[in-house]
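Trainee: I would like to learn how to read a protein model step by step, beginning with the whole chain and ending with single side chains. Could we look at one together?

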Amino acid sequence: MSEDLLQFKDYSNTPSTSSPPAQINVNSPTHSSGSGQSGRQRGDPLSDLIYDMSNSANILSGGMSSSGGGGGGGKATGLPEPATATPSKTSFLTIEYYQKFFDVDTYMVLERIANSMIPKRAPSNYLKSHIGLNPDLYGPFWITTTLIFSIAISGNIANYLQHQSDNYQWRYNFHLVSYAATCIFIYVNFLPGALWAVFKYSLKPLQEGLETENADYTPSLLSLMCVYGYSLAIYIPVSILWVIQLSILQWLLVITAALLSGSVLIAVLTPALRNSKYSLFLIIGILGAHFLLAAGFMLYFFHVPSNGAAAVHSTMEALKQPVVATTKAVIGNITKM
């Protein structure tokens, strides 16, 4: 060999200006890759190892530069290309489409339930910053389902307590489940739909100089359905307390539940109500519908007859008995003749 890969030169222990320091020549002319492998020495294991390492380094650096810069002109690097995630559109007829509406955890559901019952607990932009960013159907679904069975079971218990002193063969009324489900389904679905349409087509015209971040904000239909679903959570414990057969207590529960839940509902919808031309009528309609729902639940499923009505009923029964006895006696005398 005319030249070795590693060339060592002797040097003295004492520093000298005439003798150069020791050098290790790695990049010798025999190992310049130039064009292909023409200058590479063969048969030397160390040369083969260094060549393989340098070749691998070149491949790695070329792959990183082509993937990072996006250029490279389609040069083959020998490495697999990174997979790029492409957004896929799913049909609303598939289950995957509705998975995003159930992307909540237990803490979030409990937080939204508390915000629907406690006034001034939710921030002023709660509808846009919390519900609007992640409206869910998980909480409203289980709240409405629980309320349906709670009203049906408690209503049957209240009916049993009302007739326990009478000679009445009591039976469980399974139709209460369908009645409660129909009423709640209409309230939770159709009322938010009507409210969304009013919000959409009753926006106030924008005024110059008074434009704000929420100047043209209208909540989505899913956000309204989410808010209305959570607003019914307060009626679950109230429906159990309605079993107590005291008319004053039942009406007090109706007023308290409707005011608490209705005031929170108005506070949450305030950013959208400010942008509507019919804000006053919408506030009256929202509170009125909420109160009518609670009163309808109580009157149909749990109502206790007042003392006056009970007295009139007992008086009518007392008047019937002598009339019926007299009629029977007259009919008996006629038959004997």
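Predicted model: local features only at pLDDT ≥ 70, side-chain atom pairs only at ≥ 80, totals over all residues.

Trainee: Which residues form the nonpolar patch on the surface?

Mentor: The patch is formed by Phe149, Ile153, Ile157, Tyr160, Leu161, Tyr172 and Phe174, which together have about 680 Å² of accessible area. Take Leu161 as one of these residues: Leu161 is found in helix α4, which spans residues 138-162, and with a relative accessible area of 30% Leu161 is partly exposed.

Trainee: How should I read a pocket, and which residues are closest to the centre of the second largest pocket?

Mentor: Begin with the volume and then turn to the lining. About 280 Å³ of space lies in the second largest pocket. This pocket is lined by 13 residues, of which Pro140, Phe141, Thr144, Val188 and Asn189 are the closest to its centre. Helices α4 and α5 (175-201) each supply at least two residues of that lining.

Trainee: How many salt bridges does the structure hold, and what is the general idea behind them?

Mentor: In general, side chains of opposite charge can pair when their charged atoms come close. The structure holds 2 salt bridges. In one of them, Glu111 pairs with Arg121, and the closest N and O atoms are 3.0 Å apart. Glu111 sits in helix α2 and Arg121 in the loop between α2 and α3, 10 residues apart, so that the pair links distant parts of the chain. Glu111 is partly exposed at a relative accessible area of 27%, and Arg121 likewise counts as partly exposed, at 36%.

Trainee: Where do Asp136 and Arg112 lie, and how far apart are they in sequence?

Mentor: The side chains of Asp136 and Arg112 meet in a salt bridge, with an N to O distance of 2.4 Å. Asp136 lies in the loop between α3 and α4, whereas Arg112 lies in helix α2, so the pair ties together parts that are 24 residues apart in sequence. Both Asp136 and Arg112 are buried.

Trainee: Why does Arg112 count as buried?

Mentor: Arg112 has a relative accessible area of 6%, and it counts as buried because that value is under 20%. Helix α2, where Arg112 is found, covers residues 106-117. If you leave aside the neighbours within four places in sequence, Arg112 is in contact with Tyr126, His130, Ile131, Asn134, Pro135, Asp136, Cys226 and Tyr230.

Trainee: Is Lys120 buried or exposed?

Mentor: Lys120 is exposed, with a relative accessible area of 84%, and it is found in the loop between α2 and α3 (126-131). When you look at its backbone, note that Lys120 has a positive phi of about 60° although it is not a glycine.

Key. Residues numbered from 1 in each chain as written. Heavy atoms only, no water. Helix = DSSP H or I, 4+ residues; strand = E, 2+ residues; numbered from the N terminus. Buried < 20%, exposed > 50% of the residue type's maximum accessible area, 1.4 Å probe, protein only. Contact = heavy atoms within 4.5 Å. Patch = residues over 30% accessible without salt bridge, like charges linked within 9 Å, V, L, I, M, F, W, Y side chains within 5 Å. Areas by Shrake-Rupley, 256 points an atom, 1.4 Å probe, with all protein chains shown as cover. Salt bridge = Lys/Arg side-chain N within 4 Å of Asp/Glu carboxyl O. 1 Å grid on protein atoms, 1.4 Å probe; cavity = no way out; pocket = protein on both sides within 12 Å on 5 of 7 lines; lining within 4 Å. Points joined across faces, edges and corners; volume = space filled by probe spheres on them.
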